[in-house]
Amino acid sequence: MKKSVLIEDLSWPEFAEAIALDDLIILPVGSTEEHGPQSPLGTDFFIADALARAIGKKADALVAPAIPIGNAQGLIDFPGTISIDPAILTDLVFEVCENFVRHGAGRFFFVNGHGGNNGALRHAATALYEKYGVFVASSEWWQLMPKISEYKAHDHGGKFETSMMMAIDESIVDLTKADTKQIEKLTDKITFDYGFFYRGAAVSLNLPTGEITPRGNFGAPSEEARREIGEGMFTIYTDYCAGIIREIRRIPRGV
């Protein structure tokens, strides 16, 4: 049994011993960006990091330090938001993983805390497989929740994301400031509901978040957030991902 699943807590000989026994590493990736007036800028990487640590303990898997900055260009008009180019994020994730591959890693599980990172993580995963035959799986809690639970996560800085943040550290969420305001439609036929829709089908439009909401949050109202909701999602998600990791370990290398 490792003295800790957190890589930063281990000495280099302890890490070498641990990676020789189990070649899988969990990598949390988040963002520093606005999440409405009630939640901290670090919400995405706080959540990704806390989830990854809990998954690591449940699956007895190594957890890398969280990457706290991602592609948040659509939110850049809100003060405090930091964004990097997706190509830079791809290179960053690839190089972090490449270092671990050099030291024995052969599988990764990305815990992604921000939807804007999706493309970069896919590119990094593809490059890792093509160059090293490394297997990568990736997961996003808000995408998974509606499929495996009663929680219909459907917001940015709203009910569910704020609840998850409250479950992790309620002291840095000020629910008295929760104030969800968003547009309902662009035209009579193009509506908005956590995305744009025309005749029931999703439509991709390149409007920045500031054009959708002056407060920075949208979807399920943040005013309805509760710590108990976040605790329920946290437990379900981490249990599920620990199970995925146990199965990933069974996949032969190079498959």
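Leu24, Ile26 and Pro28 point one way from strand S1, while Ile25, Leu27 and Val29 point the other way, and all are buried (buried is under 20% relative accessible area, exposed is over 50%, and partly exposed sits in between, with a 1.4 Å probe and protein chains only). Bear in mind that this is a predicted model, where local features need pLDDT of at least 70, side-chain atom pairs count only at pLDDT 80 or more, and totals for chains, interfaces and linings use all residues. Residues are numbered from 1 along each chain as its sequence is written, and side-chain values use heavy atoms, leaving out hydrogens and water. Helices (H or I, at least four residues) and strands (E, at least two) are DSSP runs, numbered from the N terminus.

- S1 is mostly covered, with six of its six residues buried.
- S1 belongs to an open sheet of four strands in the order S2-S1-S3-S4, with parallel pairing.
- As background, strands of a sheet pair through backbone hydrogen bonds, either parallel or antiparallel.
- S1 (residues 24-29) and S3 (residues 107-112) run parallel and are joined by six bridges. Along S3, Leu24 has Arg107 as its bridge partner, and Pro28 has Val111.
- S1 also pairs with S2 in the parallel sense, over two bridges. Here the bridge partner of Ile26 is Val63.

**Helices lying across it**

- Helix H3 (residues 86-102) lies across S1 and S3, and runs at about 145 degrees to S3.
- Helix H7 (residues 227-248) lies across S1, S3 and S4, at about 160 degrees to S3.
- For those angles, axes are lines fitted to C-alpha atoms (for helices, over the stretch in contact), and angles run from 0 to 180 degrees between N-to-C directions. Contact means heavy atoms within 4.5 Å.

**The antiparallel sheet**

- A three-strand open sheet has the order S6-S7-S8, and its pairing is antiparallel. S6 and S8 are the edge strands with a single partner each, so one side of each is left without a neighbour in the sheet. From one strand to the next, the twist averages 45 degrees.
- S6 and S7 (residues 196-198) pair in the antiparallel sense over three bridges. In S7, Phe196 is the bridge partner of Phe192.

**Salt bridges**

- The whole structure has 14 salt bridges (a side-chain nitrogen of Lys or Arg within 4 Å of a carboxyl oxygen of Asp or Glu).
- Asp23 forms one with Arg107, with the closest N and O atoms 2.9 Å apart. Asp23 sits in the loop between helix H1 (12-21) and S1, and Arg107 in S3, so the pair ties together parts 84 residues apart in sequence. Asp23 counts as buried at 16% relative accessibility, and Arg107 counts as buried at 8%.
- Asp239 and Lys58 meet in a salt bridge too, at 2.7 Å from N to O. That pair links distant parts of the chain, with Asp239 in H7 and Lys58 in helix H2 (residues 43-59), 181 residues apart. Asp239 is partly exposed at 41% relative accessibility, and Lys58 is partly exposed with a relative accessible area of 34%.
- Asp179 and Arg215 form another, at 3.1 Å from N to O. Asp179 lies in the loop between H6 and S6, and Arg215 in the loop between S8 (201-203) and S9 (218-219), so the pair ties together parts 36 residues apart in sequence. Arg215 counts as partly exposed at 33% relative accessibility.

**A buried glycine**

- Gly158 is in the loop between S5 (155-156) and H6, and is buried with a relative accessible area of 0%.
- Not counting residues up to four places away in sequence, Gly158 touches Ser163, Asn217, Ala220, Pro221 and Ser222.
- Gly158 and Gln38 are 120 residues apart in sequence but 9.5 Å apart in space, C-alpha to C-alpha.

Note on methods:
Pairing = 2+ DSSP bridges.
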